[in-house]
Amino acid sequence: MTNNNMIFIANWKMNGNFSDISKAKILNKLIKQRKFKRNKVVYCPPYTLIKSFSDNFKKTNISVGAQNCHHQSEYGAKTGSINCKLIKSSGAKYVIIGHSESRIEGETDNLLNKKIQSAIKENLNIIFCIGETLNQKKKKQTSKILKNQLFNGLRNIKNFKNISIAYEPVWAIGTGIVPKKSELERNMKLIKTYLKKLKRNNSIKVLYGGSVKPDNASELSKIKEIEGFLIGGASLNAKKFVDIIKKSSI
Ligand code: PGA
């Protein structure tokens, strides 16, 4: 099935230097082609590159995002931290919140909820990541974990306009393993059901992340519940990233 309305987020994690911007630019050409125009592409480089990426992609339909943020809305004495105000001022329009590689550093649902509130204040688009670990999956706790992460992370949030969810099973990240189609369909549907409970009119996009590569993008994009991808390793290579977009749009 052709899907020209997907969102592709490149999560560069702790990688990238200034010369890599030119590699990322090859995407521009692709995005300008009519067929791909309705897809959204967002680069999330490290904080150090946000401003350069934003300047470089100003006149394109590629957006830039941060990979995390400090929860405090206002400026303040927080050495080494970057809040949403600073992210916004460097030109980013998106922020990833709740990635499992950040949760593992001690981020609680309560803290993530504060980060979401502060991103909403700055009118940033939020990619809120949720997903179970292998151990939780083995103990058949996936649905409980997804529900808790969603309900706690989104507690008291009234404005869902700028929020997307990325379902990222922790065991699929960077491992080359992707969930079976039936498992993925079931979990994506579960997430949508929980989102409906949080908000009646459900227009929140749900993305998938975890070992998305050119050779599985086409299969994964046939799962109708998947409305975009969060791509780590493969997004560092512009050709692979372009291939993922092309294969998901055929
Ligand atoms: P991966 O990472 O594509 O390298 O598995 C995905 C992610 O961590 O967002």
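Predicted model: local features only at pLDDT ≥ 70, side-chain atom pairs only at ≥ 80, totals over all residues.

Residues are numbered from 1 along each chain as its sequence is written, and side-chain values use heavy atoms, with hydrogens and water left out.

A pair of aromatic rings is described by the distance of the centres and the angle of the planes. Rings of Phe, Tyr and Trp (its six-membered ring) pair if their centres lie within 6.5 Å, and planes under 30 degrees apart count as stacked, over 60 as edge-to-face and the rest as tilted. The structure holds 8 aromatic pairs. In one of them, the ring centres of W12 and F53 are 5.3 Å apart and the planes stand at 85°, so this pair is edge-to-face. Because W12 lies in the loop between β1 (7-11) and α1 (20-24) and F53 in helix α3 (residues 47-56), the pair ties together parts that are 41 residues apart in sequence; helices (H or I, at least four residues) and strands (E, at least two) are DSSP runs, numbered from the N terminus. W12, at 3% relative accessibility, counts as buried, and so does F53 at 0%, where buried means under 20% relative accessible area, exposed over 50% and partly exposed in between (1.4 Å probe, protein chains only).

The rings of Y43 and F241 have their centres 5.6 Å apart and their planes at 65°, so they too are edge-to-face. Ring pairs link W12, Y43, F53, F57 and F241 into a cluster.
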